[in-house]
Amino acid sequence: MDTRAFQRLMRRRWRSILAGTVIVGVLTLFVDLLQPPVYQASATLLVNQNRGMTAPSYESVLMSQQLTRTYAELLKKRPLYEGVIANLNLETTPERLMRNVRVSTIRDTQLIVVSVRDRSPQRAAEIANELVRLLREQDRQLLAGAYAGGERGLSVVEPAWPDPVPFSPKIARDVLLGVIFGLLGMFGIAVVREYIDETVKTSDDAARLTNAPVLGVIRGASGAAQRSFAIDDHTPEAYRMLAVHLRTVLHDQRASTLIVTSAEPLEDARTVAAYLAAVSARIGQRVILVDGDLRQPMLHSFFDLAGVPGLKEALECAQSLPVYRYLRPTSFAHLMLLPGGEPTANPMILLDSSRLHDLVAELHQHAELVIMVGPALLAFADTLLLAKTADAALLVVRAESTGAAATVAARAMLDRASIRMAGVVLTGAVDEPLASWSSDPDVGSPVTRRRLGLGTGGKHALRGVAPPTSSVPSRTSDA
């Protein structure tokens with residue numbers, strides 16, 4: 001993983017890594033606090049083969065070390081523990097007691113350390129001292145005849161004493177280790193998730209998968225959270241830049257009808273279309289926003305307007321009433337809405353008709369730009385029928401939600417239907433730099449903004465709430 005990939009991983013996953021590390025640390029602390037304290041007492045023995053020797057030779061030292069290992073093995077045998085249990089009246093078994101005793105020899109010495117762990121510091125010291133005492137008695141019984149030529153030495157260097165400080169749990173150490181292992185574990189999980197994650201993450205991914213320019217990057221909450229048109233301090237500028245980029249692209253393509261859709265079901269497509277229509281109207285264009293999702297028409301809720309009658313009724317009307325009768329003025333000057341109408345379970349019959357083409361052509365008599373919103377491309381065929389009446393398509397992709405395969409499939413579907421793709425809008429971006437997708441460095445400059453009629457922007461820049469003067473002919477007042 002290179003430095004750039006590591007930085008991107010940390011920017012995207014630092015919250016989950018930090019949260020996982022804190023959780024592991026807290027759980028470690030919680031487990032340690034629930035565990036009863038365990039104390040340890042240790043006794044140290046010195047083994048000497050023969051006290052009568054004044055000048056020990058190498059052979060005698062070697063034999064003493066071998067004898068040390070012999071005593072260490074004797075300390076692990078069952079008879080000693082049975083004697084300890086009987087003498088101290090312990091309520092346990094030799095096997096359980098043996099699991100709490102550690103016998104070790106110090107390398108290149110004749111020292112044996114007997115360590116006993118118990119929930120009582122006093123009892124741990126008593127068990128360790130009793131083991132040493134019984135070993136010395138056993139030594140006199142087992143080795144007196146075999147080594148009668150000299151006096152053996154099994155001396156207590158340091159008896160066991162009760163230590164008031166618990167041996168375990170060591171809360172500070174355990175929490176620190178928990179935090180370290182939690183950090184490493186969460187980082188590993190983040191790397192694995194990043195490796196197996198096949199969603200679109202950045203504008204570079206969106207541009208590469210669709211082979212189309214990224215016209216806008218929208219940060220912040222999901223589309224469902226923005227349905228009330230509550231605009232924060234950063235959202236307006238992103239939509240203004242999207243409107244400017246799109247206006248340039250559509251002008252180059254001589255397009256005046258735009259279909260906004262997504263690869264998979266995504267509320268962001270409606271939100272992008274609604275804001276794009278409002279910003280385009282603020283620039284000065286006459287815009288009509290069409291809710292083409294006849295299965296779940298919801299665009300009217302963005303503007304607090306009635307959803308019936310709408311596109312469905314206009315398509316199935318036998319008398320072919322003028323389309324302006326179905327248009328609704330909004331609170332934004334130069335912006336009209338054609339709602340979806342009554343929801344229908346099978347809109348394909350209505351959309352696959354010459355009436356739809358006539359209706360769209362009639363809409364252009366009242367507006368410079370017609371923006372239609374269709375359902376997800378891969379979910380329903382409705383959008384392809386709508387797109388046949390459009391000049392270009394705008395694909396909305398949500399970062400870390402829309403799959404890469406779905407994005408490629410949506411672009412391929414548009415290509416097979418011979419539908420031009422104006423570009424891509426990436427939503428849900430957390431830390432996408434503007435420089436990575438802004439193809440025109442001067443698009444946000446004051447000169448360009450004044451030339452295009454853009455305001456300086458504030459918290460409610462889109463809510464210019466000028467009186468809803470309609471740009472359509474005066475007969476729209478009958479709608």
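Is Phe 332 buried or exposed? At 5% relative accessibility, Phe 332 counts as buried (under 20% relative accessible area; exposed is over 50%, partly exposed in between; 1.4 Å probe, protein chains only). The model is predicted: local features need pLDDT of at least 70, side-chain atom pairs count only at pLDDT 80 or more, and totals for chains, interfaces and linings use all residues. Residues are numbered from 1 along each chain as its sequence is written, and side-chain values use heavy atoms, leaving out hydrogens and water.

**Aromatic pairs**
- The whole structure holds 2 aromatic pairs (ring centres within 6.5 Å; planes under 30 degrees apart are stacked, over 60 edge-to-face, the rest tilted).
- Tyr 239 and Tyr 275 are stacked, because their ring centres are 4.5 Å apart and their planes at 15 degrees.
- Tyr 239 lies in helix H8 (residues 235–252) and Tyr 275 in helix H9 (residues 268–283), so the pair ties together parts 36 residues apart in sequence.
- Tyr 239 is buried at 1% relative accessibility, and Tyr 275 is buried at 0%.
- Phe 303 and Phe 332 are edge-to-face, because their centres are 6.3 Å apart and their planes at 90 degrees.
- Phe 303 sits in the loop between helix H10 (299–302) and helix H11 (311–316), and Phe 332 in the loop between strand E8 (328–329) and strand E9 (335–338).
- Phe 303 is buried at 11% relative accessibility.

**Helix H6**
- Helices (H or I, at least four residues) and strands (E, at least two) are DSSP runs, numbered from the N terminus.
- The buried residues of H6 are Asp 174, Gly 178, Gly 182, Met 186, Ala 190 and Glu 194.

Key
Rings of Phe, Tyr and Trp (its six-membered ring) pair if their centres lie within 6.5 Å; planes under 30 degrees apart count as stacked, over 60 as edge-to-face and the rest as tilted.
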